[in-house]
Amino acid sequence: MDSIIEVSGITKVYQKRKTKEKIQAVDNISFQVKRGEIIGLLGPNGAGKTTTIKMICGLLKPDSGQILINGVDNEKHRLRALTHISAVLEGSRNLYWRLTVRENLEYFAGNRGVSRKNVASRVEDLLQKFRLKDKETELVNRLSRGMQQKLAIAVAMLADTEVILLDEPTLGLDIETGYEVREILKAIAKEENRTVIISSHDMDVIQDICERTIIINQGKVVTDDRIEDLLKLFEVRSYTITLGEHLNEKQEHLIKERFLDYQYESNRIQPKLSVELLKTEDIYQLFDILKLNETPVEAIDREIIQFEQVFMKIVKGETTNGVDQVKSQSV
Amino acid sequence: MEWIKSNLNLFKANFRKETIELRRYLPNTIAMLLTVYIIFMAMFAGIHSVGAPGTVDATIQNTIVNYIFWYLTITIVNGQGYEILTEATRGTFEQLGMSPSGIWRILSARLLAQGILTAAMMIVLLYLSMLTTGQSLNVDFVTIIPIFLLTCISMFGLSFIIAGLTVIVKQIQAFLQIFQFVLAALTFVSLSRAPFLVFFPITKGVDMIRAVMVEGLTLNELGFSNFLVLTTNALVYFIIGLATYLYCERYAMKKGLLAHY
Ligand SMILES: Nc1ncnc2c1ncn2[C@@H]1O[C@H](COP(=O)(O)OP(=O)(O)O)[C@@H](O)[C@H]1O
Ligand SMILES: [Mg+2]
């Protein structure tokens, strides 16, 4: 079996208690995760990331669709499916505040049917690795938010499952702890046989840790691609052309008509024209337009796009799907 | 074998958590023990002033038994409700929901741990107050223990019903407060006065224990039919309770109610 997680067409509609208003939190989401993959679920607030993760964890039943974990249907055989996954949900809401660091680790292991003796060496290991050893007898409510988050991750790690899900692991942390948590996550990602799904609205985190990212917006998957490829996809299409002369009105009109996201900075000696191309070959169309008035071209630069910009574009609805649509129209 | 081991570990972890919490909130625990002790003493003092020395007044003895069960029931049944309420608000309840043991099994382990701890404390306090007052109750353990265990099973069933309701109803606090009085009725009212209570949880067991402790009946004298009724009652309530809880859990998972925030 290649995929450890197979999500097929899951949908979730919430109904607000008071207003009875319906909210489509997840709308027909499908994706697969291979063993050992590190996947980012990226999307703005309210995109449906937490809802998706809770459905994978079996805490929430999808209205329709199916989730297989290691081939086990997580609705029909919920508890069996749960043996393969552990998760850290959003916020510091997943620890017992009246127990100490060590007691939390041991209690959660116990709830999975594992004795204290059996986890003793791994508890030591995790306390060291997460730099919590000197806090092991501290009550959780006395820890900083960052330490609580580290402990929550340690609790999930202790379960020793193949899959580990982390919902917004760096949310609300100060820069320094956020960085430390990221380093920990990278170390986890490197461990063999761990499949990791990280959700975040922060593209930096995802770009830093994950190989592949699934971008969701308004409950739908908008792209599912390797980060490298996503960057390439957009990078190749963004050109900035420095012109020797100003464009005339007709040229400007034609460019406006044919190209998606065009920008023309005419208030300088050498005007700059930036265009987004649907396909690389479209550059010739642009040259044709420039040729109409024999506009001299001084330089052509391919713009380097940051992942952040890619994300913003995708979320704004300029998706690869969207691009495909425009493409077919222009043919 | 594996199965037994993992359930034992589950129980141990939860028993440990309960004891840790009792120790961590030592002032609370001591205050609670002291209150119960004083109440016991007061009741025994009542015997002293009402009855002739040595012979224990039946009504007051009844009251002591009733009080013990009322206390136990509140801890087990309402305590479960409050605990789930806190955990759902804190978010740890979802964490329990991700354990492959299943929430109901974790809750069972907790109930068992709480039951044992509370019963142990009550017994110690009872003996302590008998010692200090020089009074004695007829504590025939051989007869009482099976009745007690069966009563606890129906109590656990009731507790699961409350657990299920707490999972799906957010504003349960007011209900729990009123429910205290229902629990009082179940433990204080005797079957001879309200025979229909035999169909309710707990009452039959407490009635039988009163018969042992007050009238001095033995296992044999109580007879098979009484035990049959008690066992049936316990099993029916445990099954109804668990089924109700699991139904509510499924409903909560459909509606996204496992966390209350
Ligand atoms: N329990 C709930 N009841 C009602 N609406 C909810 C509930 N949980 C989430 N939502 C709504 O569903 C949408 C998706 O939420 P969520 O999955 O938490 O998004 P994300 O984690 O990506 O921020 C949001 O509009 C949110 O307000
Ligand atoms: Mg979220």
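Is Asp160(A) buried or exposed, and what is its relative accessible area?

Analyst: Asp160(A) is exposed, and its relative accessible area is 51%. Here "exposed" means over 50% relative accessible area, "buried" means under 20%, and "partly exposed" is in between (1.4 Å probe, protein chains only).

A quick note on the ground rules. Residues are numbered from 1 along each chain as its sequence is written, while chains are lettered from A and ligands numbered from 1 in the order in which they are written. This is a predicted model, where local features need pLDDT of at least 70, side-chain atom pairs count only at pLDDT 80 or more, and totals for chains, interfaces and linings use all residues; side-chain values use heavy atoms, with hydrogens and water left out.

Now for the partner. Asp160(A) makes a salt bridge with Arg194(A), at 3.8 Å from N to O. (A salt bridge is a side-chain nitrogen of Lys or Arg within 4 Å of a carboxyl oxygen of Asp or Glu.) Arg194(A) sits in the loop between α6 (175-190) and β8 (195-200) of chain A, and Asp160(A) in the loop between α5 (145-158) and β7 (163-167) of chain A, so this pair ties together parts that are 34 residues apart in sequence. Those element names come from DSSP runs numbered from the N terminus: helices are H or I runs of at least four residues, and strands are E runs of at least two. Arg194(A), at 4% relative accessibility, counts as buried, whereas Asp160(A) is exposed.

Let's move on to another pair in chain A. Arg212(A) and Asp224(A) form a salt bridge whose closest N and O atoms are 2.8 Å apart. Arg212(A) belongs to strand β9 and Asp224(A) to strand β10 of chain A, so the bridge joins parts 12 residues apart in sequence. Arg212(A) counts as buried at 12% relative accessibility, and Asp224(A) as partly exposed at 34%.

Strand β10 of chain A turns up again in the next pair. Asp27(A) has a salt bridge with Lys220(A), with the closest N and O atoms 3.0 Å apart. Asp27(A) is in strand β2 (residues 22-34) of chain A and Lys220(A) is in strand β10 of chain A, so here the parts tied together are 193 residues apart in sequence. Asp27(A), at 21% relative accessibility, counts as partly exposed, and Lys220(A), at 44%, counts as partly exposed too.

What about the domains of chain A? The assignment gives domain 1 (3-226) and domain 2 (236-330), with bounds that come from an automatic or database domain assignment. Their contact takes 11 residues from domain 1 of chain A and 8 from domain 2 of chain A, where contact means heavy atoms within 4.5 Å. Between them, the two domains of chain A bury about 910 Å², 78% of it on carbon and sulfur atoms. Buried area is the accessible area (1.4 Å probe) that two parts lose on being put together, summed over both. On the domain 1 side, Met203(A), Ile215(A) and Val222(A) lose the most area to domain 2 of chain A, together 48% of what that side buries. The count between these two domains of chain A is 0 salt bridges. Three elements of chain A, α7 (203-209), β9 (212-217) and β10 (220-226), each supply at least two residues of the domain 1 side. Of these, β9(A) gives the most, with 3 residues.

Salt bridges do show up between the chains. Chain B puts 38 residues in contact with 36 residues of chain A, and the two chains bury about 3,400 Å² between them, 54% of it on carbon and sulfur atoms. There are 3 salt bridges between chain B and chain A. One pair, Glu103(A) and Arg24(B), meets at 2.7 Å, N to O. On the side of chain B that touches chain A, the elements giving two or more residues include α1 (2-24) and α9 (219-255) of chain B, and α1(B) gives the most, with 10 residues. There is also a network of salt bridges linking Arg102(A), Glu106(A), Glu124(A), Lys133(A), Glu136(A) and Arg16(B). Over all chains, the structure holds 28 salt bridges.
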